[in-house]
Amino acid sequence: MESGGAGRPVVYLFGAAAGAVFGLPDVVRDARGRGWEVAVGLTPAARGWLEAQLPGLEELTGYPVKSAYRWPGQPDVLPVPDVVLFAPATFNSFNSLALGLTTSWVVGCAAEALGKGIPVVVMPCVNTALAAHPQFARSVATLREAGVHVLLGEDGFVPNEPGTGDARPFPWDAALRTVDRVLGGPEERRAEWAALAEHWGPAWDHGWVGTSMGDLLRLALAEPGLAELWPCTSMNQLRLSRSRDFRDAGGESFPAVAAWQGGYRVLAAPAWEGAETVLETTDPAEALACLLGLLDRPGR
Ligand SMILES: Cc1cc2nc3c(=O)[nH]c(=O)nc-3n(C[C@H](O)[C@H](O)[C@H](O)COP(=O)(O)O)c2cc1C
């Protein structure tokens, strides 16, 4: 998913008028550090609170901070988003989104994103009194049913007692991790590597591959250079891809490793037919090192 400037994914970061919104400049820096293009949107109330920070936010993102609907005929100033992160979402904005009341641009844009199939992540910021209001649980259920990632409770926001202010820090990490996962970033790739290693674990200890593929994958999990690539094992072959599209193996210029009981063959190309065998070894570490060497070859 790559649609922003220089092929970077575009994240819309929307905030409403809760104290955590003052953290947005730091969150923008963090998000940009992850390689995302970021455009900030604010409810009118949050815009008022952040007035002094608006020029800084616009400089950081390279886009105007948007709060109002455009005029008829006026061109849109922002690129199309790959994901919308609405955090913090107040009781007002959260319920508005669930109920389809699009009185602010950010709520309207998030509502429309849902209909367009663009992933939406929302982290509410409400105290326990507001969370106890009957509409709140209904809104959580409605939005989750519609496919929104609502980050509440475990791995999300835990409501504070009224009057205690920001007793706990707003869990921005959870929000950014979820966006990363939605975009298919390193977190998701790591999870894929781990799931594959488990699949080829002791439970698979039969047949002609045995656990040798698992041994290789467990070593690969600790290899930072590989976290950028998608892994795929078909039969006993490990292949890698940047695009995640393994249908056309010939289109991917990556090497592969074939494994069998206690042995490995490193191939310079992922196809069986005509594949160039670069190394045969019984040592998974040696096979992995050879694979990494092939990845570093100029022109790849
Ligand atoms: C200092 C302060 C902190 C607030 N914190 C919250 C909050 O954490 N959650 C919430 O739902 N409303 C909070 N509010 C109330 C909202 O700002 C208010 O309901 C506002 O109308 C929300 O509008 P918006 O959703 O369009 O941003 C706070 C208000 C103030 C003055």
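## Ligand shell

A residue is taken to be near a molecule if its C-beta atom, placed from the backbone, lies within 6 Å of it. The structure described here is a predicted model. Around the ligand there are 15 residues, and A16, A17, A18, T43 and T90 are the ones that come nearest. Two elements, α2 (44-49) and α4 (91-99), each give two or more residues to this shell. The largest share comes from α4, which supplies three residues.

By residue class, the shell around the ligand holds nine nonpolar and six polar residues, and no charged ones.

## Helix α4

Helix α4 is mostly covered, with seven of its nine residues buried. The buried residues of α4 are F91, S93, F94, N95, S96, L97 and A98. Their cover includes the strands β3 and β4 (120-124) as well as the helices α5 (105-116), α6 (128-131) and α7 (134-145). Just after α4, G100 has a positive phi of about 75°.

## The five-stranded sheet

An open sheet is built from five strands in the order β6-β7-β8-β9-β10, with antiparallel pairing. The edges are β6 (230-234) and β10 (277-281); each has a single partner strand, so one side of each is left without a neighbour in the sheet. On average, neighbouring strands of this sheet are turned by 20° against each other, direction ignored.

Helix α10 (residues 212-221) packs on the sheet and touches β6, β7, β8 and β9 (263-267). The direction of α10 makes about 140° with that of β8.

Five bridges pair β6 with β7 in the antiparallel sense.

## Nonpolar cores

The largest nonpolar core consists of 55 residues, and V11, L13, L85, F86 and V122 have the most contacts inside it. Strand β3 (residues 83-89) gives the most to this core, namely six residues. If neighbours within four places in sequence are left aside, F86 is in contact with F14, V106, A110, V120 and V122.

Another core lies apart from the largest one and has 22 residues, including W200, L267, A287 and L288.

Is A285 buried or exposed? A285 has 11 C-beta neighbours inside 10 Å. A residue counts as exposed if 12 or fewer other C-beta atoms lie within 10 Å of its own, so A285 is classed as exposed.

A285 belongs to helix α11 (residues 284-295). In sequence A285 is 66 residues apart from L219, whereas in space their C-alpha atoms are 7.0 Å apart.

Methods
Residues are numbered from 1 along each chain as its sequence is written. This is a predicted model: local features need pLDDT of at least 70, side-chain atom pairs count only at pLDDT 80 or more; totals for chains, interfaces and linings use all residues. Helices (H or I, at least four residues) and strands (E, at least two) are DSSP runs, numbered from the N terminus. Ala, Val, Leu, Ile, Met, Phe, Trp, Tyr, Cys and Pro count as nonpolar, Asp, Glu, Lys and Arg as charged, and the others, Gly among them, as polar. Two strands pair if DSSP finds at least two bridges between them. Axes are lines fitted to C-alpha atoms, for helices over the stretch in contact, and angles run from 0 to 180 degrees between N-to-C directions. Two residues are in contact if their C-beta atoms, placed from the backbone, lie within 7 Å. A nonpolar core is a set of buried Ala, Val, Leu, Ile, Met, Phe, Trp, Tyr and Cys residues joined through C-beta atoms within 7 Å. A residue is buried if 20 or more other C-beta atoms lie within 10 Å of its own, exposed if 12 or fewer, and partly exposed in between; C-beta atoms are placed from the backbone.
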